[in-house]
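Please keep the sequence and the structure in view while reading.

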Amino acid sequence: MISLLNKSSEGYRSSAPWAAVFFVLLLIILPAQSFAQSAPLSIKFFFTFNRFYEDTFNTPAGIFVDSKNHEIYLADSGKKELYIFDLSGTPLFRISKASGILNPLDIVVRSNLIYLSQEGKDHIDVLDYRGNNIGRIRPYDDSFSPGRMAVDSGGNIYIIDKSRTNCVVVDKDDKLIRTIGEGLISITDVAVGTGRVYLITPSDSRAVQVYDKNGRRLMSFEGLEGRGGTLGLPIAAKVDSRGLLWLLDALKGIVVYNEEGIEVRRFSVSGVLKEELDFPVDIDIGDDDRLYIADKGSKKIIVFQIER
């Protein structure tokens with residue numbers, strides 16, 4: 001820009017320092033995130049896989065990407081197994097009935113331990129990397145029905161409790177520290193960002209409930225078609241490294257929102273092409289900005305590259 005100004009008239013040359021000062025002030029005043037969010041956002045099909053060696057998936061239910069150890073975890077409720085792959089989709093290990101896996105739903109990995117929720121169980125199973133069942137989490141003495149989970153940078157695990165329709169938070173010592181989201185009708189997933197917790201609530205008047213890490217409600221936004229919104233069946237969500245919420249809609253595709261709840265991008269995914277989705281049920285994002293989707297309809301994992 002400076003060389004172009006130097007080739008201009010004397011009037012433009014004399015104003016160049018003021019232009020530079022203005023640009024620097026603009027960078028200081030406006031948050032860097034606003035520049036990132038205004039940049040074009042797209043996803044590009046990367047690859048897909050649908051089997052652990054010769055065994056094809058049956059009913060993909062939950063997916064977790066362990067960026068630290070470069071691994072992908074898939075809970076297959078139909079096969080009653082937990083599969084582990086490297087980031088290229090190469091099979092590494094499988095955990096099955098011998099470890100008490102009956103109806104796996106969701107997984108998170110923390111401190112090289114696997115935390116697994118299962119339909120019909122009143123606790124979270126804790127497994128080591130060889131699949132040995134070494135413990136369990138049961139935050140209440142009475143009813144507890146764990147659903148989907150998320151883990152934050154501090155090691156706190158957020159667990160949907162379907163029996164109470166709220167979110168249970170346990171710390172790195174597996175102790176209950178708080179609950180989030182009271183008085184909701186249903187919760188399909190929880191996503192955690194820096195300072196924010198998102199509960200996906202398709203049966204309520206708003207589909208996304210937003211809280212701070214202490215459980216204080218901040219706002220809610222979006223809704224289903226016919227209820228003042230544009231969604232069909234919001235089922236899962238993930239917050240990326242830039243604070244954007246990627247909401248997976250099993251019927252509509254993927255909708256991306258900023259921290260103010262404003263839609264910044266929508267990806268409609270339907271049809272029969274291999275890079276498109278049939279009935280997606282879970283989503284995760286790796287540190288390399290790769291988007292991983294477990295698709296129940298096509299019985300596979302589909303990987304996209306996020307391009308900003």
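A nonpolar core is a set of buried Ala, Val, Leu, Ile, Met, Phe, Trp, Tyr and Cys residues that are joined through side-chain atoms within 4.5 Å. The model discussed here is a predicted one. Its largest nonpolar core has 35 residues, and Trp246, Ile254 and Leu291 are those with the most contacts inside it. Strand 26 (residues 300-307) contributes the largest share of this core, 5 residues. There is also a second, separate core of 24 residues, which includes Val108, Leu116, Phe144 and Val170. In soluble globular proteins, nonpolar side chains tend to be buried together.

Two of the residues named for the second core, Val108 and Val170, are also among the contacts of Ile157. Ile157 is found in strand 13 (residues 157-161). Is Ile157 buried or exposed? Its relative accessible area is 0%, and buried means under 20%, so Ile157 counts as buried. Leaving aside residues up to four places away in sequence, Ile157 touches Val108, Arg110, Tyr115, Met149, Ala150, Val151, Val168, Val169 and Val170. Ile157 and Asp174 are 17 residues apart in sequence, and their C-alpha atoms are 8.2 Å apart in space.

The largest pocket holds about 970 Å³ of space. It is lined by 43 residues, of which Phe64, Val151, Asp152, Ser153 and Lys238 are the closest to its centre. At least two residues of this lining come from each of strand 4 (60-66), strand 8 (104-110), strand 12 (146-151), strand 16 (189-193), strand 20 (234-239) and strand 24 (280-285). The lining of the largest pocket comprises 16 nonpolar, 12 polar and 15 charged residues.

About 270 Å³ of space lies in the second largest pocket. Among its 14 lining residues, Leu105, Glu119, Arg148, Lys162 and Thr188 lie nearest its centre. Strand 8 and strand 12 each supply at least two residues of this lining, whose classes are 7 nonpolar, 4 polar and 3 charged.

The aromatic rings complete the account. A search of the whole structure finds 14 aromatic pairs. In one of them, the rings of Phe52 and Tyr53 have their centres 5.3 Å apart and their planes at 90°, so the pair is edge-to-face. Phe52 is buried, with a relative accessible area of 5%, whereas Tyr53 is exposed, with a relative accessible area of 54%.

Terms used
Residues numbered from 1 in each chain as written. Predicted model: local features only at pLDDT ≥ 70, side-chain atom pairs only at ≥ 80, totals over all residues. Heavy atoms only, no water. Buried < 20%, exposed > 50% of the residue type's maximum accessible area, 1.4 Å probe, protein only. Helix = DSSP H or I, 4+ residues; strand = E, 2+ residues; numbered from the N terminus. Contact = heavy atoms within 4.5 Å. 1 Å grid on protein atoms, 1.4 Å probe; cavity = no way out; pocket = protein on both sides within 12 Å on 5 of 7 lines; lining within 4 Å. Points joined across faces, edges and corners; volume = space filled by probe spheres on them. Nonpolar A, V, L, I, M, F, W, Y, C, P; charged D, E, K, R; others polar. Phe/Tyr/Trp six-rings, centres within 6.5 Å; stacked < 30°, edge-to-face > 60°.
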